[in-house]
Amino acid sequence: MFGIVRRSAPRFFARPVSRPLAMERAFWNTPYLANLDADVLAIDGREVVINPTIFFAESGGQESDHGTIGGIEVEQARIVDDRIVYRLAADPDFTVGDRVAVAIDWPRRYALMRLHFAAEIVLELFYKMFPAMEKVGAHIGQSKARIDFAFEGNISQHFPEIERDVAQLVAADLPIESRFTDVARLRRCWSIAGFAEVPCGGTHLRSTAEVGRIRLKRNNIGAHKERVEIYLAD
């Protein structure tokens, strides 16, 4: 649902390279890590590339992490080919080859992870209820998530059943597995045994119990379109 979205952008390296620079996305294998040290691979003005990185760049509807690289605030994170480029709020005082401290806003990351997976579960439950249902948009922020559907009628009449089923999955404390399906293309998925397996390149929880209680709210966004807003109730 919220998998990697690739954007084209001009080459930004201050020095030529013979091949793309590999980058370890530690936010996939260790999504609970809030700090690490990373090597600076490239700098162009205020734009930098580091390796490894725990700093998620907005993709598939999930917003970017907030935090710092080398003590400098990151203004923007974007995906460029097989790298993530970070634009800093000030000129870096480090150079290529230096090792710098990377830190993310952990409360924000954890809220994003919980709302992301709440949205994943809600979406799958709607698909089970309406197999032909069409999702036309999605966004995951720190305070709420949303899913937009092409839908006739008032979707909120189905909220009690969806909320009940989410609560059952949360209470069951089921393990969530995240893994690569295609390493070369950086494609990943999450799965819950007996429930679903879904392509997704976001950051995921370990267990359904971490989602906690949720609340759904309807927002009619136009003719034949319904928006489901998802909030953490705790």
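The chain has three helices and 13 strands; here helices (H or I, at least four residues) and strands (E, at least two) are DSSP runs, numbered from the N terminus. Please keep in mind that this is a predicted model, where local features need pLDDT of at least 70 and side-chain atom pairs count only at pLDDT 80 or more, while totals for chains, interfaces and linings use all residues. Residues are numbered from 1 along each chain as its sequence is written, and side-chain values use heavy atoms, with hydrogens and water left out.

Let's start with the overall shape. The C-alpha trace spans about 55 × 35 × 30 Å along its principal axes.

Of the 234 residues, 50% count as buried; buried means under 20% relative accessible area, exposed over 50%, and partly exposed in between, with a 1.4 Å probe and protein chains only. The accessible surface comes to about 10,900 Å², and 49% of that belongs to carbon and sulfur atoms. These areas come from the Shrake-Rupley method with a 1.4 Å probe, and for residues only the protein chains shown count as cover.

On to contacts, meaning heavy atoms within 4.5 Å. Among contacts with a separation of 6 or more, 67% are between residues 24 or more positions apart.

A word on charge: the mean positions of the 30 positive and 32 negative charges are 3 Å apart. Lys and Arg count as positive and Asp and Glu as negative, with His and the chain ends not counted. Each charge is placed at NZ of Lys, CZ of Arg, CG of Asp or CD of Glu.

So what holds the middle of each core? By nonpolar core I mean a set of buried Ala, Val, Leu, Ile, Met, Phe, Trp, Tyr and Cys residues joined through side-chain atoms within 4.5 Å. The largest one has 36 residues, and Val122, Phe126, Phe149, Trp190 and Ile230 have the most contacts inside it. Two or more residues come from each of helix 2, strand 8 (145-150), helix 3 (159-172), strand 10 (187-192), strand 11 (196-199), strand 12 (214-222) and strand 13 (225-232). Helix 2 gives the most, with 11 residues. There is also a second, separate core of 33 residues, which includes Trp28, Phe55, Ile69 and Val102.

Let me zoom in on phenylalanine 149 in the largest core. Leaving out residues up to four places away in sequence, Phe149 touches Leu123, Phe126, Met133, Glu134, Lys135, Val136, Ile155, His224, Lys225, Glu226 and Val228.

Beyond four places in sequence, Leu115 touches Ile140, Gly141, Gln142, Ser143, Lys144, Ala145, Ile230, Tyr231 and Leu232. Leucine 115 and isoleucine 214 are 99 residues apart in sequence, with 8.8 Å between their C-alpha atoms.

Glutamate 124 is also in helix 2, residues 106-129. Is this glutamate buried or exposed? Glutamate 124 counts as buried, because its relative accessibility is 12%. With residues up to four places away set aside, Glu124 touches Trp190, Phe195, Ala196 and Val198. From glutamate 124 to glutamine 76, C-alpha to C-alpha, is 31 Å, and they are 48 residues apart in sequence.

Next, the loop between strand 2 and strand 3, where we find isoleucine 54. Isoleucine 54 is buried, with a relative accessible area of 0%. Its contacts, not counting residues up to four places away, include Phe27, Leu33, Val102, Ile104 and Arg109.

Proline 52 belongs to the loop between strand 2 (47-51) and strand 3 (67-69). A cis peptide bond joins asparagine 51 to proline 52, with omega about -5°.

For background, most residues other than glycine have a negative phi, and most peptide bonds are trans. Which residues have a positive phi without being glycine? Aspartate 81 is one of them, with phi near 55°. Aspartate 81 lies in the loop between strand 4 (72-80) and strand 5 (83-88), and its 46% relative accessibility makes it partly exposed. Leucine 186 is another, with a positive phi of about 55°. Leucine 186 is in the loop between strand 9 (177-182) and strand 10, and is buried, with a relative accessible area of 18%.
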